[in-house]
Amino acid sequence: MLNTRDLEKRWLRYKIKFYIPHFTIFISVIVISVVILTFFNSDKKETKELPQKVNKIPIETQTDKEVTIKTPKVALIKESIEVKTIDYKETPVASPKIQEKEPSNTEDNSLKLAPSLDFMKSMQHSTLPYYNEEPAIAHEKVSVIVEEVQELEPVEVIQAEVFKDEIKQISIKRRDSSNDIRDIIKRFKKNNNPALSLFVAKKYYELGEYHKAYNYALITNQIDRDIDASWIIFAKSLVKLNQKTMAIETLKQHIDNSHSSSAKILLDEIVSGKFK
Amino acid sequence: MSSSIYVNSKNVFLDTVNSKDYVQLDRVSTIYQALKDSIKKPLKMILLYGKPGTGKSMFLSKLYNDLSSSQEVHIYKTPILDESEFYKTLAQDIFTTKYNGELNFTQFMKIVDSVSLDSIPVVLLDEAQLYSDVLMEKIRLLSDTRTIKFVITLHKTEEEDLIAKEHFQTRIWESIELENASTTELKIYIQKKLMKANCFDTANMFTNKSVHKIFKLTNGNYRDTNKLLYTLFDIYTAYDENHQLSSIGTTHVPDKLIEMSAIHTGLINA
């Protein structure tokens, strides 16, 4: 009779032997496929990362541009919010300390809606060691610049003096805006960047402080005579200051030099009386 | 199923050449009929060749049984290698001439010429590849006289193709090749063999899957199949005697048992 136990053992050994190559092939196939997959995945990641890195450079440069370009937009948005909120009638020169505190409250109220101008503050901090003067002094320096302008163009200076009382009466609706303007003025004093003075001019114009807007537009024009927007603000401020004829003459001169279409449109609007 | 069924089934596959165990398969039947028809023709020599275990000996045995009743047939299952002994055996069996001492080809031819026979006797020589070339040449000369008709079986091996030899190529008028069974033929072969011995239950245990497994191991070779199935039923008998049949099942032949049989018979080198 056959020894079935021994035969079963031999059969088991045979099966193990039989499946070992299959098992090793299976395992090796899995290992190879995993290696290949990981290899290809890593390749894909690298290829994906490369364009991102390349794109990063333009993005950064764009953000830099946004800082300079978008600031007026931010200010505009803020202004639109400001109109809806509290209407202060205080001069920025009179109570600078309060200006620092109260905007925080308003910022809290409109935190969700208003874009942050923190980058301005950070820039302010960086300039603080160089400019430790109080806001009042800064204001004095603004007037110095105005005086310098007066020396250059006497007619305009007279006009500025005519509206001196009105300047005192003009109030900034939002103190945070005035703070921003002060910060920008500080920066402007440091680097004489016409973009900053133009921004201040626009900001003052939007706030209804046409005299200041006029002055800063004039300063901008002196630094760089080719900035179309500055001339337009200058002319608009003149119109608002009831100097329509002067605005028209200035615009005409500017159009002769630059052939600006936007200046032409504004001139037409002023002449026709659409812009008052 | 009792153990006697497994014992009976085992005995069915005993490796013996018995014409009674001959299994009628379609292809084999056609070949067999062709062989029978060839014997009736005035051919000098008929060659039956194939690989070992393809049923050549069984064919020859079956032919002997079928022809012996109608004509004079002599079968030599084991080759007579000595030349003198070969002639003496033929002289005694065919011509009923007992010869003492050495008998050479010339003396034998004298006996052939002296005795006149009513019909041409048929001599069946199995395992003819074992005969020497000289003796095979004498057999050819003898067949040329048309006094004796020879049917010889040969192993067709890869190393030595005996049919290519000159004395077979030029003298043989009819050659029939036997091949291994196909899967279908193997299933019929197994089941017919078992059913012949009234082992119907064990015959039903061979499904297509199990037959396919057997075919893979034996390549359709009848001898290997017989050996494998003999061992298989031997294992079944052992399990039955140890009361372990429930562990292997009796509805079909599991692959495990077929593989175990193959290991035991050496078809699998474990």
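Of the 270 residues of chain B, 35% count as buried. The model is predicted. Chain B holds 13 helices and five strands. Among its contacts between residues at least 6 apart in sequence, 77% link residues at least 24 apart.

**The sheet of chain B**

- Five strands form an open sheet in chain B, in the order β2-β3-β4-β1-β5, and the pairing is parallel.
- The edges are β2 (73–76) and β5 (174–178) of chain B, and each of these strands pairs on one side only.
- From one strand to the next, the twist averages 15 degrees.
- In a regular strand, side chains alternate between the two faces of the sheet.

**Strand β1 and its neighbours**

- How many residues of β1(B) are buried? Five of the six are, so this strand is largely enclosed by the rest of the structure.
- Strand β1 of chain B covers residues 45–50 and pairs with β5(B) in the parallel sense, over five bridges.
- Ile46(B) stands opposite Glu174(B) of β5(B).
- Tyr49(B) stands opposite Glu177(B), also in β5(B).
- Strand β4 (residues 149–155) of chain B runs parallel to β1(B), and six bridges join the two.
- Which residue of β4(B) is the bridge partner of Tyr49(B)? The partner is Leu154(B).
- Tyr49(B) therefore has a partner in β4(B) and one in β5(B), in keeping with the strand order, where β1 sits between β4 and β5, and with β1(B) being largely enclosed.

**The helix pair of chain A**

- Two packed helices are described by the angle between their axes and the distance between the axes.
- Helix α10 (residues 228–240) and helix α11 (residues 244–258) of chain A have axes that come within 7 Å and cross at roughly 165 degrees.
- The crossing of α10(A) and α11(A) is left-handed.
- On the α10(A) side, the contact residues include Trp231(A), Phe234(A) and Leu238(A).
- On the α11(A) side, they include Met246(A), Leu251(A) and His254(A).
- By class, the residues of this contact are eight nonpolar, three polar and two charged.

**Where the chains meet**

- Nine residues from chain A and 13 residues from chain B make up the contact between the chains.
- The side of chain A that touches chain B has five nonpolar, one polar and three charged residues.

Note on methods. Residues numbered from 1 in each chain as written. Chains lettered and ligands numbered in written order. Predicted model: local features only at pLDDT ≥ 70, side-chain atom pairs only at ≥ 80, totals over all residues. Helix = DSSP H or I, 4+ residues; strand = E, 2+ residues; numbered from the N terminus. Buried ≥ 20, exposed ≤ 12 C-beta atoms within 10 Å, placed from the backbone. Contact = placed C-beta atoms within 7 Å. Pairing = 2+ DSSP bridges. Axes fitted to C-alpha atoms, helices over the stretch in contact; angles between N-to-C directions. Nonpolar A, V, L, I, M, F, W, Y, C, P; charged D, E, K, R; others polar. Left-handed = near helix turned anticlockwise from the far one by under 90°.
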